[in-house]
Amino acid sequence: MEAIRVVGGRPLAGTVKVEGAKNSALKLMAATLMAPGVSRLTNVPNISDVHVMGKVLKRLGATIDVEDEHTLVIDTAPVASWVTPYELVAQMRASTAVLGPLIARFGEARVAMPGGCNIGARKIDMHLAGLTALGVEFSVDHGDIKAHVPDRLRGTVVPLEFASVGATENLLMAAVLAEGDTTIENAAREPEICDLAEMLAEMGAEIEGAGSPTIVVHGVSELHPVEHEVVGDRIEAGTFLAAGALAGGPVTVEGFEPVHLEMVLRKYEAMGMGVERGERRVTIRRDGQIRSLDIQTLPFPGFPTDMQAQTMVLLSVAGGTCVVTENIFESRFMLAAELARMGADITIEGHHAIVHGVPALSGAPVTAPDLRGGAALVLAGLVADGYTTVSDIHHIERGYENFVPKLQSLGAEVSLLSA
Ligand code: UD1
């Protein structure tokens, strides 16, 4: 069991480069299933969620050659199975991203039904309703979702109840190989959706409107393998910017598009940070006390739920009281109880957190509740008095490559402890 130990109070400064986006890489890997042959993905982060998606693809019959740490060469020609078992889906919910591609390629899929997770029930009813509208028949059998296309996938209009990222992606992938046109209304607009649509277009798909609420897909009969570079990880970038904001800066984060993080940057400016936007880079510095302000998470281009925990740490040491409202996931405030162990003053009322800024945090042993919450606790340790030890860091390793060495390179006194 490993833990991360942080010694608080060291100022951070310097430059750090982010990897490709986890949430994009996972879907792009799934999308390679749709074009039998050898695809090459570059700028893939070397993180445990990517390893799990690799296992999923291999289980289906693909071969994966790790050309270098960040380049995967995936041959999906040998894929002859369409079964993704619970042992893999239980390790990572995003394994369900293979549903759309398998249906598109084979007209069949059997994917374990994901259970709940640390941040809520996270249903996939919208994925299933949308795919049903395209002509898929579903049944649930011994905990697996069985999908069967009796005829052909046929394009239609699919209005999403909520702009779900995963549902938009599964539908987009299935629609690309459907007969006729599909319109996804109230589609998610996250940059990772655009990255997926770009790769599908390079593969021969015809897609209009990705990045807007209405995506129109003109179905094609086949796709061909491609080479594609994963978009930079805006959330990893935001995490290091939050670290810079907490611990002084200037910290420069490069390797991502600042426009993908615009709402966060604006909020951080309003909190009193100096923010300088450059070409695929942002520099942040803290001038004086952090100003308290309300935030609410919303689908892109709103404030990302994946930056809520890191930002709550900033607000917990800000001057004043504010309300953080979580609109995307039902139980994403588990961080608050851990932060309270470090002296934070946070009250949870349903999907609102009332954060009263305190003058300082004090180091303590804490447990990572989930991926972003775990990273946020390490950030809290950077400004806490004394030692903070964050355990259960397998959550952090799901989404951050070399988190500890990158923080060290900025001057943090942080180390990996193995027990
Ligand atoms: C993706 C990201 C995650 C991010 C989230 C929102 C990946 C691997 N994960 O998750 O990091 O926090 O987008 O930006 O890309 N919902 C339903 N029924 C559905 C689908 C979703 O009720 O069929 C609900 C979910 O329970 C959740 C909300 O809708 O409360 C948003 O989910 P969604 O946008 O689908 O997030 P994910 O794709 O799971």
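Predicted model: local features only at pLDDT ≥ 70, side-chain atom pairs only at ≥ 80, totals over all residues.
Which helix gives the most residues to the shell around the ligand?

**Figure 1. The shell of residues around the ligand.** Helix H5 gives the most to this shell, contributing three residues. The ligand is surrounded by 19 residues, and the closest are Asp125, Met126, Ser164, Asp306 and Ile328. At least two residues of the shell come from each of H1, helix H5 (125-133) and helix H6 (165-176). Sorted by class, the shell holds seven nonpolar, five polar and seven charged residues.

Figure 2. In the side chain of asparagine 23, an N or O atom is 3.0 Å from an oxygen atom of the ligand. For lysine 27, a polar side-chain atom lies 2.7 Å from a ligand oxygen atom. Isoleucine 328 takes part through its backbone, with an N or O atom 2.5 Å from an oxygen atom of the ligand. On its own the ligand has 740 Å² of accessible area, of which the protein covers 84%.

**Figure 3. Packing of helix H1 against helix H2.** Two packed helices are described by the angle between their axes and by the distance between those axes. Helix H1 (residues 22-31) packs with helix H2 (residues 48-60) at an angle of about 10 degrees, and their axes are 10 Å apart. H1 is therefore roughly parallel to H2, since angles under 35 degrees count as roughly parallel. On the H1 side, the contact is formed by Lys22, Ala25, Leu26, Met29 and Ala30, which meet Asp49, Val50, Met53, Gly54 and Leu57 of H2. The residues of this contact comprise seven nonpolar, one polar and two charged.

**Figure 4. The cis peptide bond between glycine 249 and proline 250.** The bond that leads from glycine 249 to proline 250 is cis, and its omega is near 5 degrees. Proline 250 belongs to strand E15, which spans residues 248-254.

**Figure 5. The cis peptide bond between phenylalanine 300 and proline 301.** From phenylalanine 300 to proline 301 the peptide bond is cis, with an omega near 10 degrees. The loop that holds proline 301 runs between strand E18 (295-296) and helix H10 (308-316).

Figure 6. Where does asparagine 186 lie? Asparagine 186 is located in the loop between strand E11 (181-185) and helix H7 (191-202). The phi angle of asparagine 186 is near 60 degrees, a positive value in a residue other than glycine.

Definitions and conventions:
Residues numbered from 1 in each chain as written. Heavy atoms only, no water. Axes fitted to C-alpha atoms, helices over the stretch in contact; angles between N-to-C directions. Helix = DSSP H or I, 4+ residues; strand = E, 2+ residues; numbered from the N terminus. Parallel < 35°, antiparallel > 145°, perpendicular 65-115°, else oblique. Contact = heavy atoms within 4.5 Å. Nonpolar A, V, L, I, M, F, W, Y, C, P; charged D, E, K, R; others polar. Near = heavy atom within 4 Å. Polar contact = N/O pair within 3.5 Å; in protein donor to acceptor, adjacent residues only side chain to side chain. Areas by Shrake-Rupley, 256 points an atom, 1.4 Å probe, with all protein chains shown as cover.
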